[in-house]
Amino acid sequence: MGPTGFLARGVALAAVLAAVGLTTGGRVLAQQEPFYAAAYVSELPTDPRSPVWGRAAASEVPLIPQAGILPALTQASVPKVTVRALYDGERLAILMSWQDRTRDALSGRPDLFRDGAAIMFPVTEGLPNVCMGAAGQVTNLWHWKADWQEDIDKGFQDVVDHYPNFYKDVYPFVTGSPPYRMPQDFSAPEAQAYLAGLSAGNPLSQPLKSSPVEELVSQGFGTATHKAAQNVSGQGVWTDGTWRVMFSRSLKAADQEAADLQGRKQVAVAFAVWDGSNQEVGARKQLSSFLTLAVGEETNQMPVWLWGVFAAIAAATVWLGWPALVRRSPRE
Amino acid sequence: MPKVFNWHINREMEYPYPATPPTRQFAAVFDTNKCIACQTCSMICKNAWTSGRGQEYMWWNNVETKPYGGFPQGWDMKVLSLLGPQSWDRGTNTYTGMTLIESALAAAQGRQVTGYLPEDAEWGNVNIGEDEAVGLIEGGTSFGLPHPVWSFYLQRICNHCSYPACLASCPRKAIYKREEDGIVLVDQERCRGYRECVRACPFKKVMYNVATRVSEKCVACFPRVEQGLQPFCTIGCPGRIRINGWIHSPQEADLESPVDFLVHGRKVALPLYPQFGLMNHIYYVPPIHVPPEYLRQMFGPAVDRAMENYRQVKDDPEMLGVFMLMGATDRWIEKFRVVQGEAVGYDAKGDEIARVPLKEPVVVRPNFDPVLTVYRHNTM
Ligand code: SF4
Ligand code: SF4
Ligand code: SF4
């Protein structure tokens, strides 16, 4: 299969998934049939391992590898994620848990990639393209990063943490003594000039983080932008091959770029997971289609797996059926 | 995918963006025959640009001994084997194989460009293979051309390609090519450390900063270029093997400009692995003692003629003039001329910035210096 063949197959798959997302999501939104509901609790848990999460119904959300654009994920490593949601009238908390045999929490080596998880909400009216929105279709992303979590839990994971035997005698304008520590020993303005990403104001280069969740706004692939205001908190814990990652934010949107969840009984959400040891980063991820989350109302639990199965069958049909379809065309 | 024309391979090729050539294109010629592998170029670049936290392993400029040296280790062999068989039509110097973007493997990898991400250890031990020749010198071996036992030094910086693989692979469009000089840069604010570019660049000249967690690359010393100065690695070279200039297409060649003159005029300098399809702009004078089979793989079928032409240098005052102007000034030589046994370099305003004799004068100093009343010895 040539590059165009692969691309065409990916595009067809993406189109079908988008259609599945739109019809299922759209229909559910229209008919007020939520996939799953956030359970009310008087006090939200702060730990992803808290037993309070048991009060929320668990929904299994199927994930498929992103194959619509390049770079694509050619093989899925995480086929599903379990989602639970709680709210206390003020804030919404969502727990994502999935199986991952490797805990990839370091990214300070050229060949190491972190694990990650993200939730996407539409900001503008209607259902956006599931591929992070499109021009005019604004989405709000909450992106938890395992390496940020590690930086918060253990302090900035510096060169010395990745390379324990590391030694370098001097750096321009450094203070302190070898092997030195970021950021304190590199805080002189002249020393910061040698940290190009940091001096350019790149949030990814910021050694000190206040939350492991980055809040972004996006209008399609390649456009994710760090929001001026960061309001999502979270925590991720890996135990025995399972990541449990929680996100929480006030229902009320703090600004125009954030999804407003207050008063909206039904909210569209989509999920994504990255496995660092499979070199998953950026668009190389697995994602769900749009699902509906009900906040603040009684719900009849629609089995989410039903829609998941629907999406999976549609995806498999296109993916596997494509070569046959192409073979039949007289051009090839 | 749009089609663009690449004169290095004499044909159109696929590239994800239409061609938007810059007003002028940064380039350099490196004469591999004169390099002494002193690594002054590597050190000057490191001092200037990569002495910060997270850049410890980076060598935006490196000099490796061929055939075994490489930074990262084995980069060339890995990329060549990923690309598979590469064929040329030798009559027309047209590359008939696939480029890294056209290769079916790119799509199979789910990528825009065929490539690989080096493992951490491959970036370490930068000197492995240094000064190792292809074999041992057996008893009875004599030197002829090409040398039966050979090695040579390959000086490598980013090529500031016309069709950069790094730029093509970045889903965030964080890499850009400057309109004013063709220099390729990673936007330090936009990059999110995905390392698609590190994987895609076959020359492995984008590197991931392990402290700022975003990617960085050779910046062609752009603050110097903007002031009419040549990059640090060019001016620091004691072997005087490098010269910078603007490169044009063969049709638009300006033979008064030193780089165009060597590439298009005398055809002695060639791009490295043109079959990758990047239209890369560091041009090498091939090492004339190395077997041409090896060099054809590196520089394409035009290498035989380049070696032949280079051998004429002592009888070609103009060509000799450009080689003598290498390392003669820290300024960017826009034009050169050879007048009465001297090579003269001019800046953009036409002012003279360098003047060197084609032949260094021979000075014989007497054994006794009457001024200092000392004897000079030529040994210590
Ligand atoms: S400074 Fe010049 S001679 Fe020395 S290694 Fe670099 S290119 Fe070669
Ligand atoms: S040599 Fe590599 S890093 Fe430099 S412009 Fe070309 S593809 Fe990009
Ligand atoms: S051009 Fe400048 S930045 Fe690039 S390798 Fe040479 S010295 Fe380093």
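**The interface of chain A and chain B**

Author: In this predicted model, Arg109(A) and Asp120(B) are joined through their side chains by a salt bridge, with an N to O distance of 3.4 Å. Across the interface of chain A and chain B, five salt bridges are found by the rule. Polar contacts across the interface amount to 26 residue pairs, with both residues at pLDDT 80 or more.

The side of chain A that touches chain B draws on several elements. At least two residues each come from helix 1 (3-31), strand 8 (139-145), helix 2 (146-154), helix 3 (159-162), helix 5 (196-199) and strand 9 (213-218) of chain A. Of these, helix 5 of chain A gives the most, with three residues. By residue class, the side of chain A that touches chain B comprises 29 nonpolar, 12 polar and 11 charged residues.

As to extent, the size of an interface is often expressed as the accessible area that is lost when the parts come together. For chain A and chain B the buried area is about 3700 Å², and 53% of it lies on carbon and sulfur atoms. The contact involves 52 residues of chain A and 38 residues of chain B.

I turn now to the strands, beginning with chain A. Strand 11 (residues 233-239) and strand 12 (residues 242-250) of chain A run antiparallel and are joined by seven bridges. Within this pairing, Gln235(A) is placed opposite Met246(A) of strand 12 of chain A. The two strands form a hairpin with two residues between them, where Asp240(A) adopts a positive phi near 45°.

Chain B contains an open sheet of four strands, in the order 12-3-14-13, with mixed pairing. Its edges are formed by strand 12 (242-246) and strand 13 (270-271) of chain B, each of which pairs on one side only. Strand 13 of chain B is paired with strand 14 (residues 282-285) of chain B over two bridges, in the antiparallel sense. There, Leu270(B) lies opposite Tyr284(B) of strand 14 of chain B. Against this sheet packs helix 9 (residues 258-265) of chain B, which touches strand 3 (26-31), strand 12 and strand 14 of chain B. The direction of helix 9 of chain B makes about 95° with that of strand 12 of chain B.

Key:
Residues numbered from 1 in each chain as written. Chains lettered and ligands numbered in written order. Predicted model: local features only at pLDDT ≥ 70, side-chain atom pairs only at ≥ 80, totals over all residues. Heavy atoms only, no water. Pairing = 2+ DSSP bridges. Contact = heavy atoms within 4.5 Å. Axes fitted to C-alpha atoms, helices over the stretch in contact; angles between N-to-C directions. Buried area = accessible area lost by both parts, 1.4 Å probe. Salt bridge = Lys/Arg side-chain N within 4 Å of Asp/Glu carboxyl O. Polar contact = N/O pair within 3.5 Å; in protein donor to acceptor, adjacent residues only side chain to side chain. Nonpolar A, V, L, I, M, F, W, Y, C, P; charged D, E, K, R; others polar.
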